[in-house]
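Here is a friendly briefing to keep beside you as you look through the model.

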Amino acid sequence: MTEVIQAYRFALDPDSQQEDQLRSHCGAQRFAYNWGLARVKAVMDQRRAEASYDLPAEELTPSLSWSAYSLRKDWNQAKDDVAPWWSENSKEAYASGLANLATALKNWNHSKNGKRKGPKVEFPRFKGKRHTWSCRFTTGSFGLADSDRSHVKLPRIGTVRTHESTRKLARHVERGSATIRSATVSFRGGRWFVSFSVKIDRNDPAPADPDRVVGVDLGINSLAVLSTGEVVPNPRHLEAAQKELRRLQRQASRRTGPNRRTRQKPSNRWRKTQVCINRLHAFIANARRDGLHKLSSRLVREHGAIVLEDLNVKGMMSNRRLARHVAGVGMGQFRRQIEYKAAWSGVHTYVASRWYPSSKTCNGCGAVKAKLRLSERTYTCDHCGYRADRDLNAARNLAGLASSPSCGATENEPAGNPRKTTPGGGGYCHRKTPTEAGVNAAPRGDSSGTFLHVS
């Protein structure tokens with residue numbers, strides 16, 4: 001049994017009055033966020049201007065604390081003047097907005113000072129009305145309704161009907177195996193949702209065959225090719241909706257849209273078209289997410305170890321000819337689902353290095369090709385004559401990494417390297433000693449760069 005933090009999301013079906021209250025709470029969170037950010041920027045600009053006159057540090061305007069507690073304390077002192085209507089909403093709406101601001105400022109500061117890894121985080125920006133509507137509740141009367149399993153409770157809003165049953169979460173709460181920590185209300189794709197952050201004790205069953213290993217090679221023509229030989233077709237939800245999406249976007253272009261430069265407000269007909277576009281995008285995203293959930297759950301239930309690739313999705317998205325097709329697959333989403341579901345069931349997850357030549361390596365003899373064009377869909381080994389589908393060969397090579405991780409340390413050299421003394425395609429051959437392979441191979445114990453992590 002494992003204790004994890006899990007989210008349960010339910011679609012809401014509020015009436016007109018409750019919908020107005022939800023909008024008001026989301027607007028209150030955005031107002032508190034912008035108010036705190038304006039104060040922080042004003043103090044920072046003032047200190048920067050004073051420092052330009054060579055004033056000593058002790059004579060500069062005192063800096064503000066960026067902690068959520070300090071921001072909330074300053075808000076409580078100024079809320080009667082800046083927002084006399086604050087009592088119309090729950091205090092959690094303002095507190096969550098200031099907490100989000102504190103987190104954003106902390107991430108920016110750590111990224112600037114080198115304490116945060118990953119891409120550079122920019123300074124927080126003001127949120128407009130077209131920003132995603134959301135509001136988080138951490139205290140107060142919120143959770144599931146006591147009367148039935150088709151309603152939820154929210155502070156100051158009351159009991160709101162859900163579009164789907166809450167029995168999955170209600171059963172855990174009744175047994176005492178789950179505790180609701182917070183509730184987040186959001187508006188996405190033309191619908192209201194509530195997400196409960198739950199601390200739950202999970203007791204997922206072990207995989208059907210703990211000794212079975214599967215390698216997964218993601219692609220565009222097919223969603224995934226497994227080392228078992230199974231080919232999972234790509235449903236191409238985005239491509240199937242392109243005709244309707246283009247029609248709606250052409251319709252929106254003929255109508256009066258917003259213009260920040262001239263402060264032109266959009267027409268009601270433009271707004272209605274945008275609602276249809278957002279709903280279509282939400283339908284595509286839900287269909288893609290559902291398919292990935294079904295595939296990832298099946299792999300975790302049937303296999304004891306799963307081997308994936310560390311794909312450079314951002315780099316592939318930079319190719320304008322492939323960007324839309326890569327985005328429609330959801331490669332990052334699939335890896336995320338595999339990793340957390342495998343952790344719940346005790347399944348081992350291996351992530352191969354980004355530079356491991358899974359497609360160029362022969363699964364029969366281990367020879368590595370110096371060059372393999374993307375148009376070559378059938379892999380043919382020049383050493384042993386092994387022939388197989390390109391993706392199937394890559395998936396089988398990935399599956400082999402679970403039992404012999406040192407083989408993944410092969411670093412393929414580009415074709416035409418003038419410093420290369422061995423003939424083309426004479427890379428490291430795994431499953432053989434350097435003498436049998438006939439090439440200068442790296443030591444088998446060297447596995448640097450093979451896996452990013454193993455769980």
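Leu154 touches Leu22, Phe137, Ser141, Phe142, Val160, Ala183, Val185 and Val194, leaving out residues up to four places away in sequence. Leu154 also belongs to the largest nonpolar core, where it is among the residues that touch the most other members. Please keep in mind that this is a predicted model.

**Nonpolar cores**

- The largest nonpolar core has 44 residues, and those touching the most other members are Val152, Leu154, Leu169, Val185, Val194, Phe196 and Val198.
- Nine residues of this core come from α1, which gives the most to it.
- As background, nonpolar side chains in soluble globular proteins tend to be buried together.

**The largest pocket**

- The volume of the largest pocket is about 1,500 Å³.
- Its lining is made up of 42 residues, and Ala7, Tyr8, Arg9, Arg289 and His293 are the closest to the pocket centre.
- Which elements each supply at least two residues of this lining? They are β1 (2–11), α4 (167–175), β7 (191–202), α7 (268–302) and α10 (331–345).
- The largest share comes from α7, with 14 residues.
- By residue type, the pocket lining divides into 17 charged, 13 polar and twelve nonpolar residues.

**Cavities**

- The model has five cavities of 30 Å³ or more.
- Around the largest cavity you will find Cys26, Gln29, Arg30, Tyr33, Lys127, Gly128, His131, Thr132, Trp133 and Ser134 as the lining residues.
- Both α1 (16–52) and β2 (133–137) supply at least two residues of that lining, and α1 gives the most, with four residues.
- The cavity lining divides into five polar, three nonpolar and two charged residues.

**Asn89 in its loop**

- Asn89 sits in the loop between α2 (68–82) and α3 (91–113).
- Is Asn89 buried or exposed? Asn89 counts as buried because its relative accessibility is 4%, and the cut-off for buried is under 20%.
- Apart from neighbours within four places in sequence, Asn89 is in contact with Ser24, His25, Ala28, Tyr94 and Arg156.

Definitions and conventions: Residues are numbered from 1 along each chain as its sequence is written. This is a predicted model: local features need pLDDT of at least 70, side-chain atom pairs count only at pLDDT 80 or more; totals for chains, interfaces and linings use all residues. Side-chain values use heavy atoms; hydrogens and water are left out. Buried means under 20% relative accessible area, exposed over 50%, partly exposed in between (1.4 Å probe, protein chains only). Contact means heavy atoms within 4.5 Å. On a 1 Å grid over the protein atoms alone, a cavity is a set of points where a 1.4 Å probe fits but cannot get out, and a pocket is an open set with protein on both sides within 12 Å along at least five of seven lines; lining residues have an atom within 4 Å of a point. Grid points are joined across faces, edges and corners, and a volume is the space filled by probe spheres set on the points. Ala, Val, Leu, Ile, Met, Phe, Trp, Tyr, Cys and Pro count as nonpolar, Asp, Glu, Lys and Arg as charged, and the others, Gly among them, as polar. A nonpolar core is a set of buried Ala, Val, Leu, Ile, Met, Phe, Trp, Tyr and Cys residues joined through side-chain atoms within 4.5 Å.
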